[in-house]
Amino acid sequence: MTGWFGQANHSQFAVRQLTHVPGARRFETGTPSFISAYAASAAIRLLLEIGVENISS
């Protein structure tokens, strides 16, 4: 499965005609999941606040 960046012309968003780029670039994904980055950041802050040693016991 590839995303938009694996297409020959990824700015066209041509969903009916997928033209993959030759080479390894064809396996690139689409737009990164920014919401996951925010969630991971909040989770790390929480872990640091609580302390890993308090969770692992």
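Student: In which part of the chain is the place of Gln17, and is Gln17 buried or exposed?
Tutor: In this predicted model, Gln17 has its place in the segment before α1. Its relative accessible area is 59%. Because the cut-off for the exposed class is over 50%, Gln17 counts as exposed.

Student: How many Å apart in space are Gln17 and Ile50, C-alpha to C-alpha?
Tutor: The two residues are 33 positions apart in sequence. Gln17 belongs to the segment before α1, whereas Ile50 is a member of a nonpolar surface patch. From C-alpha to C-alpha, the distance between Gln17 and Ile50 is 50 Å.

Student: Where is Gln12 placed, and which exposure class does Gln12 have?
Tutor: Gln12 is also found in the segment before α1, the helix of residues 34-50. The relative accessible area of Gln12 is 55%. Since exposed means over 50%, the class of Gln12 is exposed.

Student: What separates the C-alpha atoms of Gln12 and Ala24, and what separates those of Asn54 and Gln12?
Tutor: Gln12 and Ala24 are 12 residues apart along the chain, with their C-alpha atoms separated by 20 Å. Asn54 lies in helix α2 and is exposed, at 53% relative accessible area. Asn54 and Gln12 are 42 residues apart along the chain, and the separation of their C-alpha atoms is 50 Å.

Student: What radius of gyration does the protein chain have?
Tutor: The secondary structure consists of two helices and zero strands. The C-alpha trace spans about 50 × 20 × 15 Å along its principal axes, and 11% of the 57 residues count as buried. A compact globule of 57 residues would have a radius of gyration near 10 Å, whereas the value for this chain is 19 Å.

Student: What share of the contacts with a separation of 6 or more comes from residues 24 or more positions apart?
Tutor: The contacts considered here are those in the protein chain with a separation of 6 or more. Within that set, residues 24 or more positions apart account for 31%.

Student: How far does α1 reach from its first C-alpha to its last?
Tutor: Helix α1 has 17 residues, and at 1.5 Å a residue the expected reach is 24 Å. Just after α1, Gly51 takes a positive phi of about 95°.

Student: Which element gives the largest share of the nonpolar patch?
Tutor: The patch is formed on the surface by Leu46, Leu47, Ile50, Val52 and Ile55, with about 430 Å² of accessible area together. Two or more residues come from each of α1 and α2 (52-55). The largest share is three residues, and the element that gives it is α1.

Terms used
Residues are numbered from 1 along each chain as its sequence is written. This is a predicted model: local features need pLDDT of at least 70, side-chain atom pairs count only at pLDDT 80 or more; totals for chains, interfaces and linings use all residues. Side-chain values use heavy atoms; hydrogens and water are left out. Helices (H or I, at least four residues) and strands (E, at least two) are DSSP runs, numbered from the N terminus. Buried means under 20% relative accessible area, exposed over 50%, partly exposed in between (1.4 Å probe, protein chains only). Patches are made of residues with over 30% relative accessible area and no salt bridge: like charges are joined within 9 Å, nonpolar side chains (Val, Leu, Ile, Met, Phe, Trp, Tyr) within 5 Å. Accessible areas come from the Shrake-Rupley method with a 1.4 Å probe; for residues, only the protein chains shown count as cover. A salt bridge is a side-chain nitrogen of Lys or Arg within 4 Å of a carboxyl oxygen of Asp or Glu. The expected span of a helix is 1.5 Å times one less than its number of residues. The radius of gyration is taken over C-alpha atoms; the globule rule is 2.2 Å times the number of residues to the power 0.38. Contact means heavy atoms within 4.5 Å.
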